[in-house]
There are 2 protein chains.
Amino acid sequence: MTPKLEFWFEFASTYSYIAAEEIEDKASAAGVEVVWRPFLLGPIFATQGWPDSPFNLYPAKGAYMWRDVERLCQRKGIAWRRPSVFPRNGLLASRIATALDASEKLHAFIRSVYRANFSFDLDISEPSVLKEILRSISLDEEAIFERANDDSVKQLLRARTDEAKSRGVFGAPSFFAKEELFWGSDRLEQAIDSLRT
Amino acid sequence: MTPKLEFWFEFASTYSYIAAEEIEDKASAAGVEVVWRPFLLGPIFATQGWPDSPFNLYPAKGAYMWRDVERLCQRKGIAWRRPSVFPRNGLLASRIATALDASEKLHAFIRSVYRANFSFDLDISEPSVLKEILRSISLDEEAIFERANDDSVKQLLRARTDEAKSRGVFGAPSFFAKEELFWGSDRLEQAIDSLRT
């Protein structure tokens with residue numbers, strides 16, 4: 001059986017972007033299958049008493065994060081442009097990713113949304129931006145929007161966010177490997193390694 | 001000129017322990033000199049509105065940290081025992097480390113304090129524990145205690161903590177390499193690498 005790595009990510013999250021850029025190559029090199037789990041950080045942060053991203057609430061932490069992400073992207077060869085709005089609302093994009101669950105185009109969509117946000121500074125909460133992305137990967141944007149706005153998808157995304165919380169997730173990206181939680185883009189290799197043994 | 005890496009650490013900090021265990025070998029292999037900078041996280045956390053360690057204030061983050069540190073120590077071959085009290089008060093140990101500034105035994109003292117806290121579960125706020133450590137590295141514990149409690153040392157430690165804050169430090173361990181801030185034990189290699197180029 002192919003070992004599985006659950007990848008829990010939020011479209012607004014800078015470090016999730018780095019992980020999303022790296023995870024497919026690293027997982028496939030190790031013979032590991034990625035299980036994509038879009039979720040929402042807002043409700044998770046709210047239970048920690050944070051009405052906003054901790055990078056906005058704690059300015060020193062925020063200033064460091066912007067420099068750290070810029071340096072990491074440079075080092076790893078990942079395209080980077082600091083978005084003019086942070087965090088961008090990833091709700092609609094997450095619903096679309098949830099609706100695309102079984103599609104083989106799911107990860108193309110995810111990568112395009114991340115690049116729109118963190119490399120082209122586009123507003124990923126805008127339906128027009130997301131429709132453009134769907135079209136660019138040859139998907140029927142109207143049909144998918146209809147599905148993404150269906151109650152079943154909204155409920156599934158809410159249930160996934162609740163699941164994340166109940167399994168101890170407190171930030172993004174998070175990975176589960178054999179029920180072990182790993183947090184942060186810099187734990188990706190370790191999470192994959194833990195599946196080899 | 002030998003490139004210098006500033007290592008800002010707090011004796012109560014779990015990830016500072018990991019960095020303290022690794023920094024000498026990694027720095028010396030790269031021809032880098034370590035500048036040891038003990039400081040206090042309490043006043044830094046206070047400016048972020050935290051009256052306690054964030055690992056105590058945010059239980060999900062705390063639960064993850066304990067598992068993460070245990071896993072990292074196992075992976076790296078670092079002795080580990082979860083302390084029965086967290087965070088332990090590192091004020092007196094930091095004053096002693098500040099008093100030992102110019103001494104060649106400074107890093108032996110630092111390592112012993114970290115191991116006392118995180119591998120032997122000893123109370124590093126206890127003068128008797130610290131005196132025992134000083135004796136074990138052949139230092140005159142009474143003379144050093146006298147120096148550590150001198151106003152000039154107290155002021156120097158306070159000034160260093162203020163310096164950390166003003167240079168953007170918000171947690172520990174932190175590293176400065178050519179005035180670039182790196183945060184977290186998992187940024188040690190990157191900080192050292194940045195001094196090679």
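Helices (H or I, at least four residues) and strands (E, at least two) are DSSP runs, numbered from the N terminus. The views below come from a predicted model, in which local features need pLDDT of at least 70, side-chain atom pairs count only at pLDDT 80 or more, and totals for chains, interfaces and linings use all residues. Residues are numbered from 1 along each chain as its sequence is written, chains are lettered from A and ligands numbered from 1 in the order in which they are written, and side-chain values use heavy atoms, with hydrogens and water left out.

**View 1. The loop between β3 and β4 of chain A.** A:Lys178 sits in the loop between β3 and β4 (180–183) of chain A, and A:Glu179 is found in that loop too. Phi is near 50 degrees at A:Lys178, a positive value in a residue other than glycine. For A:Glu179, also not a glycine, phi is positive, near 70 degrees. With a relative accessibility of 54%, A:Lys178 counts as exposed; A:Glu179, at 59%, counts as exposed. Here buried means under 20% relative accessible area, exposed over 50%, and partly exposed in between (1.4 Å probe, protein chains only).

View 2. A:Ala172 and A:Pro173 are joined by a cis peptide bond with omega of about 0 degrees. A:Pro173 belongs to the loop between α9 (151–166) and β3 (174–177) of chain A. In chain B, a cis peptide bond links B:Phe86 to B:Pro87, with omega about -10 degrees. The loop that holds B:Pro87 runs between α4 (59–76) and α5 of chain B.

**View 3. Helices α1 and α10 of chain A.** The axes of α1 (residues 14–29) and α10 (residues 188–196) of chain A come within 10 Å and cross at roughly 25 degrees. Because of this angle, α1(A) is roughly parallel to α10(A); angles under 35 degrees count as roughly parallel, over 145 as roughly antiparallel, 65 to 115 as roughly perpendicular and the rest as oblique. Axes are lines fitted to C-alpha atoms, for helices over the stretch in contact, and angles run from 0 to 180 degrees between N-to-C directions. From α1(A), A:Ala19, A:Glu22, A:Ile23, A:Lys26 and A:Ala27 meet A:Leu188, A:Glu189 and A:Ile192 of α10(A). Contact means heavy atoms within 4.5 Å.

**View 4. Helices α5 and α7 of chain B.** Helix α5 (residues 91–99) of chain B packs against helix α7 (residues 127–136) of chain B at an angle of about 30 degrees, with the axes 10 Å apart. The two helices, α5(B) and α7(B), are therefore roughly parallel to each other. B:Leu92, B:Ala93 and B:Ile96 of α5(B) make the contact with B:Pro127, B:Leu130 and B:Leu134 of α7(B). The residues of this contact divide into six nonpolar, no polar and no charged. Ala, Val, Leu, Ile, Met, Phe, Trp, Tyr, Cys and Pro count as nonpolar, Asp, Glu, Lys and Arg as charged, and the others, Gly among them, as polar.

**View 5. A:Ser103 in a loop of chain A.** A:Ser103 lies in the loop between α5 (91–99) and α6 (106–118) of chain A. Its relative accessibility is 25%, so A:Ser103 counts as partly exposed. The C-alpha atoms of A:Ser103 and A:Phe145 are separated by 14 Å, and the two residues are 42 residues apart along the chain.
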